[in-house]
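Here is a short briefing to read alongside the model. Please keep the sequence and the structure open as you go.

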Amino acid sequence: MSITLLATVLLSVVIGLSLGLLGGGGSILTVPILTYVAGLDPKEAIAASLFVVGVTSAVSAIDHARKKRVKWRTGLVFGAAGMAGAFAGGLLGGRIPGTILMIAFALMMVATSIAMIRGRKNKTATPHDGELPILKVVIEGLIVGLVTGLVGAGGGFLVVPALALLGGLSMPIAVGTSLVVIAMKSFAGLAGYLTTVTLDWGLVAAVTAAAVVGSLIGSRLTGRIPEAALRKGFGIFVLFMGVFVLVQELPTPWGAGLAVTAGILAAAAAACWFFLPRCPLRSSVSSSNVAETPT
């Protein structure tokens, strides 16, 4: 086994861990790993990520369902609507330059991360665990499905916010339900990509097996972490990966400038958090946590 393949397989465990714990983030990790570590073409990486994330999500969803963290009606309706959009997105994505797909992928990651970090607009609303209105689920499913197929994202980093922020589901239920949606949409998007892309199935199988192991570990950790911390951690993780992909894909002057700017902002945030007693960042997080704690 080559060092490149070994590194790819080991990192794939983190892919599954992200899916099992957060209900998303699989493609956010899979696409960069297959592109920058395994050396696949962006289109091949996107298509392969759809298979890896689809299988891993299906396995992890079973474990979540056993713990009653899946809303089947919401998940199946969302997934069915998303499959139509994902197939169309997969057909379209196979005909768009890889660099453009990667930049679009990263921009959506950044936008979603900001929504997750900020939280619900109505902070007085208490998360619930009921089914969501079908019409709303269908519309959101079609939109997220199109994005799934187009940029190779299994959709968790869009589905979880849709279920948790817009739908009002608690994070553990949003995570479990999103895995059902991700599995359905990923396979639909893959079908669209396979009309124009050929995959190395040996590599895909190795990555998938490692990711499944990680997903089983992650699913056992869900529910043991405070909801506010889980949501904000998910958002920060997605933001970091989005900036990383942008730095890799943008032309040299712009990519380097973004890297320097991100570094300065991160350093400023860290200095504020650790050295200023009245840091606005700490205050906003504390008030958010209080608002999201059920009474």
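Buried means under 20% relative accessible area, exposed over 50% and partly exposed in between, with a 1.4 Å probe and protein chains only. This is a predicted model, where local features need pLDDT of at least 70, side-chain atom pairs count only at pLDDT 80 or more, and totals for chains, interfaces and linings use all residues. Residues are numbered from 1 along each chain as its sequence is written, and side-chain values use heavy atoms, leaving out hydrogens and water.

**Helix α4 itself**
- Helix α4 covers residues 72-93; helices are DSSP runs of H or I with at least four residues, numbered from the N terminus.
- The buried residues of α4 are T74, G75, F78, G79, A81, G82, G85, A86, G89, G90 and G93.
- A kink of about 25° in α4 is centred on M83, the bend being the angle between axes fitted to the seven residues ending there and the seven starting there.

**α4 against α8**
- The axes of α4 and α8 (residues 171-193) come within 7 Å and cross at roughly 25°; axes are lines fitted to C-alpha atoms over the stretch in contact, with angles from 0 to 180 degrees between N-to-C directions.
- That crossing angle makes α4 roughly parallel to α8, a label for angles under 35 degrees.

- K68 sits in the loop between α3 (42-66) and α4.
- Although K68 is not a glycine, it has a positive phi of about 60°.
- K68 is exposed, with a relative accessible area of 72%.

Methods
Helices (H or I, at least four residues) and strands (E, at least two) are DSSP runs, numbered from the N terminus. Angles under 35 degrees count as roughly parallel, over 145 as roughly antiparallel, 65 to 115 as roughly perpendicular and the rest as oblique.
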